[in-house]
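Subject: Model for your files

Hello,

Please find the model below. My notes on it follow.

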Amino acid sequence: MSALLEVSGLQVAFGELRAVRGVSLTVGKGQTLAVVGESGSGKSITSLAVMGLLPAQARVVEGEISLDGVNLLDLAPEELRRLRGEELAMIFQDPLSALNPSLTVGYQIAEVFRRRRGASRAVATGRAVEAMAEVGIPDAAERAKAYPHEFSGGMRQRVMIAMALALEPRLLIADEPTTALDVTVQAQILRLLRERQRAGLAMIIISHDLGVVARTAQSVVVMYAGQAVESGTVAEVYGTPAHPYTLGLMAASPSARTGRRGIRPIDGNPPDLTALPSGCAFHPRCPFARERCRTETPALRPLPSGRTSACHFAEEVLAHDRAAGA
Ligand code: SF4
């Protein structure tokens with residue numbers, strides 16, 4: 001797999017608080033990587049750092065973010081602005097907040113072609129209609145004249161995808177793209193993203209929904225308290241989790257077999273990042289924890305087959321999975 005995006009040792013701080021603590025991840029060309037974890041795990045902050053869109057109070061204090069060998073952290077703001085849209089694009093959970101309510105949807109998409117490609121008004125409008133049709137918005141020429149509030153949630157997300165893909169970026173970051181949508185519309189949006197993936201688009205899907213991940217990504221990074229605690233292919237990580245937190249996330253998700261009835265939430269709450277537990281940050285919630293976990297911070301280490309886990313007892317967790325699955 002040749003890497004398109006490589007993030008290594010990323011640390012993001014809000015003043016004294018470290019929201020992202022040494023995260024590394026790789027996205028291959030045309031591949032989809034999922035980043036999963038509870039709220040506050042640092043997954044969205046990691047993606048905003050990649051986009052160069054961190055809030056004003058946050059800053060990258062260490063690490064590298066390289067796109068095709070270019071360290072984005074070395075670029076001037078105007079160069080990074082140019083890359084956004086051309087090379088990198090992002091869609092969010094709530095498209096309504098990203099669209100201007102007082103402008104028609106067609107105008108807003110056309111603006112991308114006018115500003116970035118210097119297209120005339122007529123050409124830009126035509127391309128906006130094409131972009132809307134490509135993401136499956138029916139009767140695109142008419143719908144282009146409508147305002148954001150006149151679209152359903154699913155259609156608004158399609159508009160955002162059309163806008164994000166207008167300049168044919170190589171990497172799309174989708175932060176909880178289907179969380180606000182009902183199940184049927186969610187399936188349609190995921191199908192649309194998979195079509196784009198097959199056409200060569202690389203993606204990072206940020207999600208707390210393991211079902212969404214299974215349907216879109218080849219590989220996954222599990223984050224907890226600002227750190228990656230497990231990574232590997234979706235098949236490996238879902239089949240036999242090598243970290244108790246991943247096991248907990250799986251147990252807390254509805255399964256195809258038991259539906260919502262089988263859900264077992266993880267005990268306790270994510271930690272306060274200003275007062276992290278000693279040793280392994282997951283130890284107060286971990287059913288596998290023992291004395292060593294309270295004193296010694298586990299490093300993210302490779303396991304056979306190239307996956308990684310930040311658990312002192314990863315082999316034991318794997319053996320537990322196998323016994324449970326036998
Ligand atoms: S290191 Fe210990 S506390 Fe942390 S996940 Fe592994 S078993 Fe649990």
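In these notes, buried means under 20% relative accessible area, exposed means over 50%, and partly exposed is anything in between (1.4 Å probe, protein chains only). This is a predicted model, in which local features need pLDDT of at least 70 and side-chain atom pairs count only at pLDDT 80 or more, while totals for chains, interfaces and linings use all residues. Residues are numbered from 1 along each chain as its sequence is written, and side-chain values use heavy atoms, with hydrogens and water left out. Helices (H or I, at least four residues) and strands (E, at least two) are DSSP runs, numbered from the N terminus.

Ligand site

The ligand sits in the largest cavity. Sitting there means that more than half of its atoms lie within 2 Å of the cavity's grid points. A cavity is a set of points, on a 1 Å grid over the protein atoms alone, where a 1.4 Å probe fits but cannot get out.

Nonpolar core

The largest nonpolar core has 39 residues, and I109, M132, I161 and L172 have the most contacts inside it. The elements that each give two or more residues to this core are β6 (88-91), α4 (105-117), α5 (121-134), α7 (153-165), β7 (171-175), α8 (183-198) and β8 (202-207). Of these, α7 gives the most, with 7 residues. Domain 1 (1-87 + 170-266) and domain 2 (96-168) both contribute residues, so the core lies between them. A core of this kind is a set of buried Ala, Val, Leu, Ile, Met, Phe, Trp, Tyr and Cys residues joined through side-chain atoms within 4.5 Å. The domain bounds come from an automatic or database domain assignment.

Helix α11

Helix α11 (residues 244-251) has 7 of its 8 residues buried, so it is largely enclosed by the rest of the structure. The buried ones are P244, Y245, T246, L247, G248, L249 and A251.

Positive phi

Two aspartates deserve a look at the backbone. D68 has a positive phi of about 50 degrees although it is not a glycine. D68 is placed in the loop between β4 (58-67) and β5 (70-71), and at 36% relative accessibility it counts as partly exposed. D139 also has a positive phi, of about 55 degrees, and is likewise not a glycine. The loop between α5 and α6 (140-143) holds D139, which counts as exposed at 53% relative accessibility.

Some C-alpha distances

E168 is found in the loop between α7 and β7 and is exposed at 63% relative accessibility.

L303 is in the loop between β11 (301-302) and β12 (308-309) and is buried, with a relative accessible area of 6%. L303 and A314 are 11 residues apart in sequence and 8.4 Å apart in space, C-alpha to C-alpha.

Y238 belongs to helix α10 (residues 234-239) and counts as buried at 19% relative accessibility. Its C-alpha atom and that of L96, 142 residues away along the chain, are separated by 33 Å.

A281 lies in the loop between α11 and α12 (291-295) and is buried, with a relative accessible area of 11%. From A281 to S120 the separation is 161 residues in sequence and 55 Å in space, C-alpha to C-alpha.

Regards

Definitions and conventions. 1 Å grid on protein atoms, 1.4 Å probe; cavity = no way out; pocket = protein on both sides within 12 Å on 5 of 7 lines; lining within 4 Å.
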